Amino acid sequence: MRSTKITIAAERHMKALALARDCVQFGARSRTIELLTGLSASKIASHFHGHPSPSQRGRPPDSREWYYKTTLPNRAQACMLVSIYHRLCQLGIGPAQALVHGYAHYAAA
């Protein structure tokens with residue numbers, strides 16, 4: 001019974017690390033990676049940045065002010081990403097994975 005719980009926790013941690021790796025490859029801020037994966041900033045920094053100090057923080061990922069102050073082409077691009085995200089969620093993909101995969105699809109277009 002205990003080994004099953006450890007295995008489940010290990011799988012969850014490995015999925016979080018894989019998601020964090022994808023986020024780092026896309027240039028996500030450490031706070032965004034923290035929110036999507038549940039990993040601590042120090043763990044993200046030590047695994048992906050080679051040192052325990054946090055990377056550049058930037059604007060919080062939940063800031064709404066950007067959308068209302070940006071240009072129309074930027075708003076259109078944001079809408080495309082959100083549309084891809086919603087479609088992936090409807091297909092049963094989890095929110096964090098849908099966001100990363102949606103961004104990968106959007107960036108490739």
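Which residues make up the largest nonpolar core?

1. **Before you start.** This is a predicted model, in which local features need pLDDT of at least 70 and side-chain atom pairs count only at pLDDT 80 or more, while totals for chains, interfaces and linings use all residues. Residues are numbered from 1 along each chain as its sequence is written, and side-chain values use heavy atoms, leaving out hydrogens and water.

2. **Overall picture.** The chain has six helices and zero strands, where helices are DSSP runs (H or I) of at least four residues and strands (E) of at least two, numbered from the N terminus. Of the 109 residues, 20% are buried; buried means under 20% relative accessible area, exposed over 50%, and partly exposed in between, with a 1.4 Å probe and protein chains only.

3. **The core.** The answer to the opening question is a set of ten residues: Ala16, Leu17, Leu19, Ala20, Cys23, Ile33, Leu39, Ile44, Ala96 and Val100. A nonpolar core is a set of buried Ala, Val, Leu, Ile, Met, Phe, Trp, Tyr and Cys residues joined through side-chain atoms within 4.5 Å. Helix H1 (2–25) and helix H6 (95–108) are the elements that give two or more residues to this core, and H1 supplies the largest share, five residues.

4. **A closer look at Leu19.** Leaving aside neighbours within four places in sequence, Leu19 is in contact with Leu36, Thr37, Ala96, Gln97 and Val100 (contact means heavy atoms within 4.5 Å).

5. **Aromatic rings.** The whole structure holds two aromatic pairs; rings of Phe, Tyr and Trp (its six-membered ring) pair if their centres lie within 6.5 Å, and planes under 30 degrees apart count as stacked, over 60 as edge-to-face and the rest as tilted. Phe26 and Tyr103 form an edge-to-face pair, because their ring centres are 5.2 Å apart and their planes lie at 80°. Phe26 sits in the loop between H1 and helix H2 (30–37) and Tyr103 in helix H6, so this pair ties together parts 77 residues apart in sequence. Tyr103 also forms a tilted pair with Tyr106, at 6.1 Å centre to centre and 45° between the planes.

6. Thr70 is found in the loop between helix H4 (65–69) and helix H5 (72–90). With 16% relative accessibility, Thr70 counts as buried. The Thr70 side chain makes a polar contact with the side chain of Asn74 at 2.8 Å. A polar contact is a pair of N or O atoms within 3.5 Å; within protein, one must be able to donate a hydrogen and the other to accept it, and residues adjacent in sequence count only if both atoms are side-chain atoms.
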